[in-house]
Amino acid sequence: MKRTFWIILAVMLVGSILLAACQIQIGGTTPQKGATPTPTPVGLRSVTILGIEGDATSTSSYPGIPWVRLGYPTCVSSNLSGQVLKDTISTYHRQGMRVLLTYCQTAGDSLFATNPINDVAQAGADAVQCGNEQMKQSATTLYVTPERFARFFDLCQGAMHAVSPGIPVILGAMDPLVVPDDDAKLMNQVHYLDAMQSAMNSSVHPGGNWDWHAQILGLIDSWHNGYPSPDTNNLYQQYVFWAQQLHVDINSGGLGKHLWVVEGTGCVNGCGIDASNAREVAISHILTLITDVQTTMKYGVPFFYFSGRDFYTAQIGWIFGVLDVNGQPKPLRQDLQMGTIRLEMSCSSGKVVVADQEQLLAKLYSGCTLPPDYISTLES
């Protein structure tokens, strides 16, 4: 009897250990005291990370889109901090969406301020982007030297993983460039990362072996991909370049482990598109959306379409979203009335007719395919 008792006890103990191991693998991490639990699984598949730029109010609806990207007040004027940020993320979670939260770099010594970084860490986001366009020197962005950015990223990433060890942390974002016109600037981005790596292993963690190739790089692409012809595809060219730099076979499906497109959008001003021609702008806009999604899904790279809503700024003119400025659906051709152009898509559940841009994006993300004549239909 005693032997039977000890056998049963041993079996129960082994079972408890295995159950705990399974829960850790499937359910993510146990947050520290005071942190909002995050539903991010440790083994998150990059091919499922497909999203859109959201807004501070969380009132815009993006049915069928799995992820949303939000910006901390260091990125854009908003009240997305503290409890408001937690509540906003919780609202998106209740809608079935996961959240990428971007924390932009700040000036001076505030770059290393721990309070806002810890606020981000405890907000409950499913992924965090530490920094944005840190390599760009312009009137609208804040350049950070690679040495200072190494210290900042180490601080930011460490804070995120202290709360949620399995959370993806994105290493800033490279500003949008065009292949092959900007090949020299692309190499400058590589040199920046090399310098950051050197600083990380000499001053931040002396004698360390930190390697930027093992991180997740943020990428921004802004070009009229798909217009005026399918051969126009700067996003693909960017993938080719970074696959080479990361030593990844672009066809292996491994690029998405090291690269996230945090902003993918079209281009109107200064890129050969006639910004005064509403028809040309509308066609290039919708073809860019389609081309970007098809390209990113083919190579398994996480992608966030920019933007959810239309918005206007004095610096950059206008950026076109999939919803209008009031958060309402936009027709496929935004220069025409709703329903003037429709596309019949083939989905696993059958045929689906789409007439607005948000619906089109959601169906593309879910794997639905377009009719063979979609280009001529959109250009008609």
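I began with the bond between Cys-75 and Cys-104, where the torsion about the S-S bond is about 105°, so the disulfide is right-handed. Cys-75 lies in the loop between β2 (67-71) and α2 (82-94) and Cys-104 in the loop between β3 and α3 (114-121), so the pair ties together parts that are 29 residues apart in sequence. The two sulfurs of Cys-75 and Cys-104 are 2.1 Å from each other, and I took a disulfide to be a pair of cysteine sulfur atoms within 2.5 Å.

I noted that this is a predicted model, in which local features need pLDDT of at least 70 and side-chain atom pairs count only at pLDDT 80 or more, while totals for chains, interfaces and linings use all residues. Residues are numbered from 1 along each chain as its sequence is written, and side-chain values use heavy atoms, with hydrogens and water left out.

For helices (H or I, at least four residues) and strands (E, at least two) I used DSSP runs, numbered from the N terminus. For burial I called a residue buried under 20% relative accessible area, exposed over 50% and partly exposed in between, with a 1.4 Å probe and protein chains only. On that scale Cys-75 is partly exposed at 30%, whereas Cys-104 is buried at 9%.

**Other disulfides**

How many disulfides does the rule give? I found that the count comes to four, and with the bonded cysteines numbered in sequence order the pairing reads 1-2, 3-4, 5-6, 7-8.

Next I looked up Cys-130 and Cys-156, whose sulfur atoms are 2.0 Å apart and whose link, with -75° about the S-S bond, is left-handed. Cys-130 lies in strand β4 and Cys-156 in helix α4 (residues 146-163), so the pair ties together parts that are 26 residues apart in sequence. Cys-130 is buried at 0% relative accessible area, and Cys-156 is buried at 0%.

I then turned to Cys-347 and Cys-368, joined with an S to S distance of 2.0 Å, where a torsion of about 115° makes the disulfide right-handed. This pair links distant parts of the chain, with Cys-347 in strand β11 (residues 343-347) and Cys-368 in the loop between α8 (357-365) and α9 (374-379), 21 residues apart. Both Cys-347 and Cys-368 are buried.

I traced a closed barrel of eight strands, β1-β2-β3-β4-β5-β6-β7-β8, with parallel pairing; two strands pair if DSSP finds at least two bridges between them. Within it, four bridges join the parallel strands β3 (residues 98-103) and β4 (residues 127-130), and Thr-102 stands opposite Gln-129 in β4.

Helix α7 (residues 278-299) has 22 residues and reaches 32 Å from its first C-alpha to its last, close to the 32 Å expected, where the expected span is 1.5 Å times one less than the number of residues. I found 17 of the 22 residues of α7 buried. Gly-300 follows α7 and has a positive phi, near 65°.

**Gln-189**

Is Gln-189 buried or exposed? I found it buried, at 4% relative accessibility, in helix α5 (residues 183-204). Leaving aside neighbours within four places in sequence, Gln-189 is in contact (heavy atoms within 4.5 Å) with Met-135, Met-174, Asp-175, Leu-177 and Trp-242.
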